[in-house]
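This briefing goes through a protein model by topic. Please keep the sequence and the structure in view while reading.

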Amino acid sequence: MTRLRNALEGLAAEAPLVSLADAAIEGHRRRRRATLMLGTVATVVALVVVTTAGAVIAWPRTDQTAAQKRTDTVPDLPAGKVGPISHAFRTPCEIDEASRTADCSAVEWRVVTRSGKTYRVPDALVATRTDQQAPLAISRDGRMLAYYDRRAQTFVVHKLESGNRTVSPVAVKEGRIGVGAMLAVSDDGRYVAFDPREGSKEPGLLIDVANTAVSIPGKYEVISIKNGLVELVRYVKTDLWLMPVKGGGKPVRFDGVFIHFSELSPDGRTVAAVEFSDANKQGFGRLTLLDAKTGRTLRKVTVRGLPKKGSVDGTSLWPSRSEVLVTVNDKGHMYSYAVDVTTGRAKRWADYSEVHRAALVLPGVS
C-alpha cells in the first residue's frame, strides 16, 4: 500500500475531495512510475513501436561492464576541475533494426557542463540488479554531483571544482533503491537526501557525508536541499516540511492538494506548485504560490508564453526573486522556461530537446 493510500485512510468523511485527490496524485505518480519503469529503454521503445512493430527489448545488464563496448569518444568525468553542470542524462539503448531488438546493456549516465562539454560517469549506477533505475542528483549551482556507486555500496559526492570524491560513511544496500527513488544534494556537497521508493512507507535518509545519517519519515518525499533546509512533501493533505539538516522544524499544511513543488524561493518562504485540478489539463496555464511558513495560498499565476500543446513536468529553481523555472515537455522534447511570477510571462531558459524526458536530470531538485 502506498503512502497516498495510507494517507486516504481516516479521510472517508471527505470522500469527494479525496476521490479527486486520489485521481490526480495517483495519476501523477502512475505516469512518473511508468516513465521510470521504462527507464533507459523509454526512448528506444517509442522509436521501435513506430518503426518496427513487434520488436524485442533486451533489458540492461546490471554489471555495467558492457558500457565499455561503446565506440564514441566521450571522455570520462576527469579527476580534476570541471565547470558547473547544466544537466545529466542516461544514454539511450542501441537499436538493431535487422533483428528488431534494442540492446540496453551499454546505457550509462553522462553529464553536460554549462560550456557544452559532455562526460561519461562510469562509476554512477544506472540500474540495480532488479532493474530499478538508480537516481542521480546535481546541486543547485551545478558544482556537486551525487550518485550511487556499486563498488562503495553507498552514495558518492563528486566535487567538480576539485575532482574530489567523498564516499558516504553510511552503507546503503543496492536493494533499497526502488521504483521512483529520489536523490538530492546540497550546494556544499555535505548532505545527500535519499528517498528509496516513491509512494511507499519506507523511511528515507538524510546523510551527512562528513558524519552519519538520520531517518526521514517514509510518508514524505524529498524535493531539495537549500540553505540548510531539506524540503519534504507529503501529498494529498498536502504538507510541506522544511526540515533543518540538524533536525527539527515542523510541517505546515496547505488548503488544497498540490504537486510539482519548486525549491524554496530567495525570500525564504515561498514555493511554487501546481494545484491538482490543473495538473492533468492539456497545455498548462497556472502556478500556485504558497507560503511555506504559514500554509497560506499567496496567489495564482496564469502563465503565458509556453508551447500551446506542451505540458509541465515540474517546477525547480528560482533564478531570481521573481522567476521560477518550469520544465516543459513539448511533443517529447524537453525545455526549461523561466516564469515571472509577477506577470506570468514565460521565456525559454534552456533546451534539452535531444534528451528523452525519462532520462533527464536537472540541478537542484530530485
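Strand β12 (residues 191-195) is mostly covered, with five of its five residues buried; buried means under 20% relative accessible area, exposed over 50%, and partly exposed in between (1.4 Å probe, protein chains only). Helices (H or I, at least four residues) and strands (E, at least two) are DSSP runs numbered from the N terminus. The model is a predicted one: local features need pLDDT of at least 70, side-chain atom pairs count only at pLDDT 80 or more, and totals for chains, interfaces and linings use all residues. Residues are numbered from 1 along each chain as its sequence is written, and side-chain values use heavy atoms, with hydrogens and water left out.

- Tyr 191, Ala 193 and Asp 195 point one way from β12, Val 192 and Phe 194 point the other way, and all are buried.
- Strand β11 (residues 182-185) runs antiparallel to β12 and is joined to it by four bridges; two strands pair if DSSP finds at least two bridges between them.
- Met 182 is the residue opposite Asp 195 in β12.
- A hairpin is formed by β11 and β12, with five residues between them. Gly 189, in the turn, has a positive phi of about 75°.
- On β12 there are also four bridges to strand β13 (residues 204-208), again in an antiparallel arrangement. Val 192 has Ile 207 in β13 as its bridge partner.

**Overall make-up**

- The protein has four helices and 27 strands.
- Of its 366 residues, 55% are buried.
- Among contacts (heavy atoms within 4.5 Å) between residues at least 6 apart in sequence, 50% join residues at least 24 apart.

- Four strands in the order β19-β20-β21-β22 form an open sheet with antiparallel pairing. Strands β19 and β22 (297-302) stand at the edges with a single partner strand each, so one side of each is left without a neighbour in the sheet.
- Strand β20 (residues 270-275) is mostly covered, and six of its six residues are buried. Thr 270, Ala 272 and Val 274 point one way from β20, while Val 271, Ala 273 and Glu 275 point the other way.
- Two bridges connect β19 (residues 258-259) with β20, and Phe 258 stands opposite Glu 275.
- Four bridges pair β20 with β21 (residues 286-291) in the antiparallel sense. Here Ala 272 stands opposite Leu 289.

**The sheet β15-β16-β17-β18**

- Another open sheet of four strands has the order β15-β16-β17-β18, with antiparallel pairing. Its edge strands, β15 (221-226) and β18 (252-253), each pair on one side only.
- Five bridges link β15 to the antiparallel strand β16 (residues 229-234), where Leu 232 is the bridge partner of Val 222.

**Nonpolar cores**

- The largest nonpolar core has 33 residues, and those touching the most other members are Phe 254, Phe 261, Val 271, Leu 287, Leu 306 and Val 326. A nonpolar core is a set of buried Ala, Val, Leu, Ile, Met, Phe, Trp, Tyr and Cys residues joined through side-chain atoms within 4.5 Å.
- Two or more residues of this core come from each of β17 (239-244), β19, β20, β21, β24 (323-330) and β25 (333-340). The most, four residues, come from β20.
- A second, separate core of 21 residues includes Ala 88, Trp 109, Tyr 119 and Val 121.

- The structure holds one disulfide, a pair of cysteine sulfur atoms within 2.5 Å. Cys 93 and Cys 104 form this bond, S to S 2.0 Å.
- The torsion about the S-S bond of Cys 93 and Cys 104 is about 100°, so the disulfide is right-handed.
- Cys 93 lies in the loop between β2 (85-90) and β3 (94-96), and Cys 104 in the loop between β4 (101-103) and β5 (109-113), so the pair ties together parts that are eleven residues apart in sequence.
- Cys 93 counts as buried because its relative accessibility is 8%; Cys 104 counts as buried at 1%.
- Thr 91 also lies in the loop between β2 and β3, and is buried, with a relative accessible area of 3%. A polar atom of the Thr 91 side chain lies 2.9 Å from the backbone nitrogen of Glu 108.

Conventions. A polar contact is a pair of N or O atoms within 3.5 Å; within protein, one must be able to donate a hydrogen and the other to accept it, and residues adjacent in sequence count only if both atoms are side-chain atoms.
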